[in-house]
Amino acid sequence: MTVADRRAAVTKGVEAGLSMRRSCLLLGLERKTFRYRSRRPRREELRARLRALAEERIRWGYRRLHVLLRREGIQANHKAVYRLYREEGLAVRRRKRKRVSVPRRPMIVPQRVNERWSMDYMSDVLRGGRRIRIFNVVDDLSRECLASEVDTSLPTRRVIQTLEEIALERGYPERIVCDNGPEFRSRALDEWAYEHGIALDFIQPGKPIQNPYAESFNGKMRDECLNVHWFADVAEARSLIEEWRRDYTQVRPHSSLGNRTPRQFAEAINIQLRLQELAS
């Protein structure tokens with residue numbers, strides 16, 4: 001039983017007619033501890049802003065909320081934010097995950113933006129029961145989500161069209177990691193990749209862990225977007241998923257990138273490479 005629980009029990013005992021001395025003795029609580037009242041400032045403005053951010057980002061923990069507060073110029077260390085976060089009852093319920101004890105081989109990390117992409121499918125159900133598919137493309141170094149295509153059917157033709165639209169903006173990658181789905185093993189996609197000098201790296205069947213960047217992104221989209229919204233139709237799904245994708249790339253802090261956004265990290269890497277080229 002925590003100190004807070006004991007203080008609450010003593011209060012109930014006093015209200016029931018027991019003396020404070022007797023209640024504290026029964027619960028093993030010092031009377032001076034029971035009488036103590038915190039002198040910390042309430043920091044109502046910080047509490048209000050923290051509650052507002054938590055209501056907007058219902059699946060974010062206190063660390064990412066702390067990053068947003070710092071961006072807004074609010075001075076508070078992470079311990080103070082955590083204390084207020086707990087006091088306001090904002091803690092996110094954690095989902096238990098199955099632990100894998102099999103030793104894993106380290107995956108080679110790309111050194112340049114656009115060196116390697118990962119792509120994968122997701123699915124969800126509309127309010128009327130109709131199933132939709134989501135085709136995601138992620139840059140493995142910067143963690144940017146380059147596209148999230150949504151429709152009831154996404155054949156190979158749409159996959160190639162989406163990849164071409166990305167390439168028009170940022171060029172073609174050297175490699176693309178994907179699973180063994182029929183859309184990815186088609187002759188049309190193979191010919192497109194060969195034409196543009198792109199290697200398709202297929203993972204082993206039943207081994208999604210070999211496509212970790214896409215799987216990690218899919219988990220975040222499921223937790224923070226798909227599980228939060230119940231889409232009425234395809235148009236609403238496209239709008240809300242695209243809004244979340246942009247927010248993920250341009251606003252959401254990423255802990256593995258030093259709490260920078262994927263877009264900020266990509267820009268920093270590109271500047272660093274240009275400086276290295278000029279120096280050489």
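Which residue, with a positive phi, follows α5? In this predicted model, the residue is G73, and its phi is near 85°.

Of the 10 residues of α5 (residues 62–71), 7 are buried, so the helix is largely enclosed by the rest of the structure. Y62, R64, L65, H66, V67, L68 and L69 make up the buried set. Both α4 and α6 are among the elements that cover these residues. R63 also belongs to α5. R63, however, is exposed, because its relative accessible area is 55% and the cut-off for exposed is over 50%. R63 was also compared in position with P155. The two residues are separated by 92 residues in sequence. In space, their C-alpha atoms are 39 Å apart.

The two covering helices, α4 and α6, also pack against each other. A helix pair of this kind is described by the angle between the axes and the distance between them. The axes of α4 and α6 cross at roughly 70° and come within 10 Å. An angle from 65 to 115 degrees counts as roughly perpendicular, so α4 and α6 are placed in that class. Their crossing is right-handed. On the α4 side, the contact is made by L46, R47 and L50. On the α6 side, V81, R83, L84, Y85 and E87 take part. By class, the residues of this contact comprise 5 nonpolar and 3 charged, with no polar ones.

Charged pairs were then searched across the whole structure. The search finds 22 salt bridges. One of them joins R47 to E88, with the closest N and O atoms 2.7 Å apart. R47 lies in α4 (residues 44–56), whereas E88 lies in the loop between α6 (78–87) and β1 (116–125), so the pair ties together parts that are 41 residues apart in sequence. R47 is buried, at 3% relative accessible area. E88 is partly exposed, at 24%. R47 and E88 also belong to a network of salt bridges, in which they are linked with R51, R83 and E87. Three residues of this network, R47, R83 and E87, are also named in the contact of α4 with α6.

Two further salt bridges were examined. R158 pairs with E149, and their closest N and O atoms are 2.7 Å apart. R158 counts as buried, with a relative accessibility of 13%. E149 is partly exposed, with a relative accessible area of 21%. R112 and E115 also meet through their side chains in a salt bridge, at 3.9 Å from N to O. This pair qualifies because the limit is 4 Å. Here the arginine, R112, is partly exposed, at 36% relative accessible area. E115 is buried, at 19%. The value for E115 falls in the buried class because that class covers values under 20%.

Helix α1 (residues 3–15) packs with helix α2 (residues 20–27) at an angle of about 140°. Their axes are 9 Å apart. The crossing of α1 with α2 is right-handed. From α1, the residues in contact are R6, A9, V10, G13 and V14. From α2, they are M20, S23, C24 and L27. This contact has 6 nonpolar, 2 polar and 1 charged residues.

A further site involves Q250 in helix α10 (residues 234–250). Q250 is partly exposed, with a relative accessible area of 41%. Beyond its neighbours within four places in sequence, Q250 is in contact with T261 and R263. The distance from Q250 to P262 was also computed. These two residues are 12 residues apart in sequence. Their C-alpha atoms are 6.7 Å apart in space.

Terms used: Residues numbered from 1 in each chain as written. Predicted model: local features only at pLDDT ≥ 70, side-chain atom pairs only at ≥ 80, totals over all residues. Heavy atoms only, no water. Axes fitted to C-alpha atoms, helices over the stretch in contact; angles between N-to-C directions. Helix = DSSP H or I, 4+ residues; strand = E, 2+ residues; numbered from the N terminus. Left-handed = near helix turned anticlockwise from the far one by under 90°. Contact = heavy atoms within 4.5 Å. Nonpolar A, V, L, I, M, F, W, Y, C, P; charged D, E, K, R; others polar. Buried < 20%, exposed > 50% of the residue type's maximum accessible area, 1.4 Å probe, protein only. Parallel < 35°, antiparallel > 145°, perpendicular 65-115°, else oblique.
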